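Reader: Please show me the sequence and the structure. I will then ask about them point by point.

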Amino acid sequence: MDYLPRRTLLSAAGTLFAATAAAALAGCAPGAPAGPTQNPEDPVTPQRYTYGDDPSQFTELYLPVGQRRPGVVIIIHGGYWGAGYGLDLGQPLAEDLASRGYACWNLEYRRAGNGGGWPETFDDVSSGIDLLATAAAEHGLDLGTTTALGHSAGGHLAVWAAGRSTLPDGAPGAGTPLVPLTGVVSQSGVLNLAEADELALGGGAVRNLLSVDSDGDPERYRLADPMTAIPLAVPVLALHGEEDSTVPLSQSESYVTAADAAGADAELIMIPGDHFAMITPGTDAWTQVVQAVDRLMAPSKTLPDR
């Protein structure tokens, strides 16, 4: 899988909510321009928050230097849930979006091979997103709009997190989220775990994530697969690279087809480039990712009829 060279390149290259929303909205214009609102050369220094004792249980908060738009973008990196890939994949995305006025929450989590897998990865994503409530209180962030932006395996975790409130008691991530998501932008997300397992994507990454053998565990698949949480109550924009050879189009296509049939808000959007162009600021693919984020961060997030 051609991930590491790209990763190296990318590394270089509601009461509390209502109160904080009022403070944030005071200086924000909903119709802010789509382009950067500050000098791209200005550094955006992230602030670290931890939600556990493990070195991977932390997030980075990026605050815009200039005018701040309402809402927060939660970035969840990919890498087939493996230990070899971290939130540095999301740092260029957070920096670019912060330059456009968005507060960004770049989330790290334990992955398979470094203490993650089932149920730790799912617990971490849930706890990491909920920790945003603390940062919101400290910085006056508006949590009325929280869009998750997830790439590859991060797309899976983002869509999964959007359905947490429907999970049964005792399941990882179950319960009422402190920070409910209001939309998801999936970047070539692994959105159909059963199919991904059948195709042995990532060299058996699904079984590695769920810590199952060849006999599997139907209950874990049911609780972890975004397909079983359809229909979601929030919109999902499933972007997929036209030249993506890492995650097949069927992963996005099958999810959107099922979601549409169930009456959910979901849309498949083909964008130029391969699996990595969409996480490379400056590419045409990244421009379309930003446009998708803009759509879901706008005051009205219901997708139009197509």
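Author: Phe-122 is buried, and so is Trp-160, where buried means under 20% relative accessible area, exposed over 50% and partly exposed in between, with a 1.4 Å probe and protein chains only. The model is predicted, so local features need pLDDT of at least 70 and side-chain atom pairs count only at pLDDT 80 or more, while totals for chains, interfaces and linings use all residues. Residues are numbered from 1 along each chain as its sequence is written, and side-chain values use heavy atoms, with hydrogens and water left out.

Reader: Which kind of pair do the rings of Phe-122 and Trp-160 form?
Author: Rings of Phe, Tyr and Trp (its six-membered ring) pair if their centres lie within 6.5 Å; planes under 30 degrees apart count as stacked, over 60 as edge-to-face and the rest as tilted. The centres of Phe-122 and Trp-160 are 5.0 Å apart and the planes stand at 70°, so the pair is edge-to-face.

Reader: How many residues apart in sequence are the parts that Phe-122 and Trp-160 tie together?
Author: Helices (H or I, at least four residues) and strands (E, at least two) are DSSP runs, numbered from the N terminus. Phe-122 belongs to helix α4 (residues 120–130) and Trp-160 to helix α6, so their pair links parts separated in sequence by 38 residues.

Reader: Which residue forms one aromatic cluster with Phe-122 and Trp-160, and what is the peptide bond that joins it to Pro-119?
Author: The cluster consists of Phe-122, Trp-160 and Trp-118. Pro-119 lies in the loop between β4 and α4. The bond joining Trp-118 and Pro-119 has omega of about 0° and is cis.

Reader: Is α6 largely enclosed or open?
Author: The buried residues of α6 include His-156, Leu-157, Val-159 and Trp-160. In total, 10 of the 10 residues of α6 are buried, so the helix is largely enclosed by the rest of the structure.

Reader: In what order do the 8 strands of the open sheet run?
Author: Two strands pair if DSSP finds at least two bridges between them. The edge strands, each pairing on one side only, are β1 (47–50) and β8 (266–271). Pairing in this open sheet is mixed, and the order is β1-β2-β4-β3-β5-β6-β7-β8.

Reader: Which strands pair with β4, and in which sense?
Author: Strand β2 (residues 58–62) pairs with β4 in the antiparallel sense over 4 bridges, and Leu-61 stands opposite Trp-105. The parallel pairing has 5 bridges, and the strand that makes it with β4 is β3 (residues 72–76).

Reader: Which residues of β4 are buried on each side?
Author: Strand β4 (residues 103–107) has 5 of its 5 residues buried, so it is largely enclosed by the rest of the structure. In a regular strand the side chains alternate between the two faces of the sheet. One side of β4 has Ala-103, Trp-105 and Leu-107, and the other has Cys-104 and Asn-106.

Reader: Is Tyr-80 buried or exposed?
Author: Tyr-80 lies in the loop between β3 and α3. Although not a glycine, Tyr-80 has a positive phi of about 55°. Its ring makes a tilted pair with Trp-81, at 6.1 Å centre to centre and 55° between the planes. With a relative accessible area of 6%, Tyr-80 is buried.

Reader: What is the relative accessible area of Ala-200?
Author: Ala-200 lies in the loop between α7 (193–198) and α8 (205–210). Its phi is positive, about 55°, although Ala-200 is not a glycine. Ala-200 is partly exposed, and its relative accessible area is 43%.
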